Every structure is written in structure tokens, then in C-alpha cells.
Amino acid sequence: MILSVDLGATNIKAALFDENLNKIGKTQSVPTRACMGKDGIVSALKNAVNLFDGQASVLAVSSAGDVDVKTSRITYATDNLPGMTGFDFVRFGEQLSLTAYAVNDAQAALLGEVYCGAGREYKDKSIVMLTLGSGVGGAYFRGGKIIADESNMFGRYGHLTLHDGGRRCTCGKYGCVETYLSGRAVHLSAAQLGIDGEDIFEKYLNGSPRHAEFVNGLAGELKLALGAIEKISPFDVCIIGGGAADWMGAAFEKIAKGTGYPVVKAQLGNDAGLYGACVNLKSMRGEL
Ligand SMILES: [Zn+2]
């Protein structure tokens, strides 16, 4: 049995998987306690693992931050996971008698979708994945594997410039993809048109012209973003997931169509990272 853990800035999710990548039982979740720094995060990680005491011999990890899959270390963590730069999941696993393999969470989500979700029929194609959440995460799959480099360029699609001199981004630049397509950014765009609320996509589907203007604008931003991404990562299909994609509901298909690019919706939801961590583990052990 594989214990899979997804370390995010807010929550740590964990679930058991069999060797055929089937999830066994329910996903459990504990708070990350990132506000308490590294000690808080590590003790929360231990709590998550202990929920499945003795049921697994290997630990598959999907983690926020840049992760070197060869060493299973976090090479760079933002303030979302304070003090975690340099964290070594292999050593962490050893302390709990588990053999550990770790991968970045956006890459894990893509691996999960390729092997167990929306990307199954595109395994031999070039795939970009965008995760529209509190930020915009990205990953690139080509030639049967995740393409990564030390600068993690492919993970930074969210910080490609969409509009020169546009909205200010948390990274310090202006006009990044993230400032137009993250969940918060979508709310802001709606508010600028004098609409807002959780039901804006439903109102669009019900035929409101003002909401149609908003949704057409959103499709336009996504089209621009995909054009910028295509220049550095040519793709046959783009899988889009994350909370903002789920929020779009039935409007997603229309927005996707409006971009003119081959876009499909992610299928694994919040479990994508858990699945992908297991795929990475099996890949690193030469079992795929
Ligand atoms: Zn940015």
C-alpha cells in the first residue's frame, strides 16, 4: 500500500492507494499550520501520516514549492510554507520507517490527470496543465514525462506577462497571467463590471447579457494566456483544473471553446496531487 500526502499551504491531504493507483478509502485532511513555521508544518505532516499508522511502507508526496524529484527535497518554498526550503522528504520518511518520493504539486496534478484522469488518452501528446486556484500553477508534459528545469520555467506560467502595465502581482511584476485568471482575479474582473457573487457563471448560463460580457472577457484572457504559454511550451491539449475551473461549472465548456485552443477540464479535483504523487513514486521506481 502507498500512503499519499499532498502538502499545501492551507491543508495537508492524505489517502491510501494500492499499487494499481486505485484510491482506497477516503481522503483525510489536517491543517498545515504554516503560521507556526517549519516545526508546525512538520508536526502536521507527521499527524497526517499517523492517521494511517502502519498501513503503508512507502510515502508518496506532492508538495507546494519547487521540488527536485531526484532527491525529494524542496529546493525553494515561498512564504506559503515558511522555513521549508531545503526540506528533505527522504529523511522525513526514514524517521517514520517509510521510503519517500516527492514531487511538486502542480507537476503531481498533471501526472495524476495523465495517468488517472482527463489526460489518459493524451499520454503520447504534449500537454500543458493550468491550475486556477488562489494562484495559477502550471506544468508541462511531453515525450512521456514532465518537463522541468532548475528555474522551473514551466511552473511559472502564472507569471507570464498578459498585459504590460496591468494589475500588480504578488511577484512584484505587473499584468501577470495570475492577476487575471486566479480565483481572486476572476472575482475582481466581475466586480469591475459591477457584478459579483458565487453565482456569476449560473447567471451567465441563464442568459444575462452583462454576465455574458464578463464571461467573454474571461475567455479572451484565457486565450491570451494560452497563446503566451504555447510560445514556450507547444501543446496538443491543455488540461485546466483548480477551484476557479470547478467554480465555472457548466460554463467551463463555453469558456474553453471561446479560447480556440484544445482545452479539457481536469477530472480528479482535489485528489489530483494525491494521484500524481503515486504516479511519480511508481515512475521513480521504474514501475510505469
Ligand atoms: Zn506575477
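Domain bounds in this report come from an automatic or database domain assignment. On that basis the chain is divided into domain 1 (2-108 + 271-284) and domain 2 (121-266), and the C-alpha centres of domain 1 and domain 2 lie 26 Å apart. The structure is a predicted model, in which local features need pLDDT of at least 70 and side-chain atom pairs count only at pLDDT 80 or more, while totals for chains, interfaces and linings use all residues. Residues are numbered from 1 along each chain as its sequence is written.

Where the domains meet, 5 residues of domain 1 are in contact with 10 residues of domain 2, contact being taken as C-beta atoms, placed from the backbone, that lie within 7 Å.

Strands are DSSP runs of E of at least two residues, helices are runs of H or I of at least four, and both are numbered from the N terminus; two strands pair if DSSP finds at least two bridges between them. Strand β8 pairs with strand β11 in the parallel sense over 5 bridges, and Met-129 stands opposite Ile-239 in β11.

| Strand | Residues |
|---|---|
| β8 | residues 127-132 |
| β11 | residues 237-241 |

Elsewhere, Glu-19 is found in the loop between β2 (11-17) and β3 (23-31). The C-alpha atoms of Glu-19 and Asp-246, 227 residues apart along the chain, are separated by 29 Å.

Note on methods:
Contact = placed C-beta atoms within 7 Å.
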